[in-house]
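Please walk through this model with me.

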Amino acid sequence: MKTYVDIIRELREDRDLTQKEVVQYLGTTQQVYSRYENGENELPVRHLIALCRYYHVSADYLLGLEPF
């Protein structure tokens, strides 16, 4: 089962986006976002919601709870 760490990286890479492009949307730093993708920091709810909107996926999908 994939974790949200795997899923947020895959969503970004599948769309040929850089971390810089994603962090501009989130309004955070690349260092913070990199820590999400590496599983070093927990993803806060505000960023979970923003990423769901950005990628047009459900929170359940992003969290690895169900298929898209």
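Tyr36 has a relative accessibility of 3%, so Tyr36 counts as buried. Buried means under 20% relative accessible area, exposed means over 50%, and partly exposed lies in between (1.4 Å probe, protein chains only). The model is predicted: local features need pLDDT of at least 70, side-chain atom pairs count only at pLDDT 80 or more, and totals for chains, interfaces and linings use all residues. Residues are numbered from 1 along each chain as its sequence is written, and side-chain values use heavy atoms, with hydrogens and water left out.

Where does Tyr36 sit? Its place is in helix H3. Helices (H or I, at least four residues) are DSSP runs, numbered from the N terminus. Set aside the neighbours within four places in sequence. Tyr36 is then in contact with Tyr4, Val5, Ile8, Asn41, Glu42, Leu43, Pro44 and His47. Contact means heavy atoms within 4.5 Å. Take Ile8, which is 28 residues from Tyr36 along the chain. The C-alpha atoms of Ile8 and Tyr36 are separated by 8.5 Å.

Now turn to helix H1. H1 covers residues 4-14. Its buried residues are Tyr4, Val5, Ile7, Ile8, Leu11 and Arg12. What covers them includes H2 (19-26), H3 (30-37), H4 (45-55) and H5 (59-62). After H1 comes Asp16, with a positive phi near 55 degrees.

Next, the packing of helices. Two packed helices are described by the angle between their axes and the distance between the axes. Axes are lines fitted to C-alpha atoms, for helices over the stretch in contact, and angles run from 0 to 180 degrees between N-to-C directions. Angles under 35 degrees count as roughly parallel, over 145 as roughly antiparallel, 65 to 115 as roughly perpendicular and the rest as oblique.

H1 and H3 pack at about 120 degrees, and their axes are 8 Å apart. H1 and H3 are therefore oblique to each other. From H1, Tyr4, Val5, Ile8, Arg9 and Arg12 meet Tyr33, Tyr36 and Glu37 of H3. By class, this contact of H1 with H3 has five nonpolar, no polar and three charged residues. Ala, Val, Leu, Ile, Met, Phe, Trp, Tyr, Cys and Pro count as nonpolar, Asp, Glu, Lys and Arg as charged, and the others, Gly among them, as polar.

H2 and H3 pack at an angle of about 110 degrees, with axes 9 Å apart. That makes H2 roughly perpendicular to H3. H2 brings Gln19, Lys20, Val22, Val23 and Leu26 to the contact, and H3 brings Gln30, Tyr33, Ser34 and Glu37. By class, the contact of H2 with H3 has four nonpolar, three polar and two charged residues.

Last come the rings. Rings of Phe, Tyr and Trp (its six-membered ring) pair if their centres lie within 6.5 Å; planes under 30 degrees apart count as stacked, over 60 as edge-to-face and the rest as tilted. By this rule there are three aromatic pairs. The table shows two that involve Tyr54.

| Pair | Centre to centre | Between the planes | Type |
|---|---|---|---|
| Tyr25 and Tyr54 | 4.5 Å | 35 degrees | tilted |
| Tyr54 and Tyr55 | 5.1 Å | 70 degrees | edge-to-face |

Tyr25 lies in H2 and Tyr54 in H4, 29 residues apart, and their pair links distant parts of the chain. Tyr25, Tyr54 and Tyr55 form one aromatic cluster. Tyr25 is partly exposed at 41% relative accessibility, and Tyr54 is partly exposed at 23%. Tyr55 has a relative accessible area of 2%, so Tyr55 is buried.

Technical notes. Helices (H or I, at least four residues) and strands (E, at least two) are DSSP runs, numbered from the N terminus.
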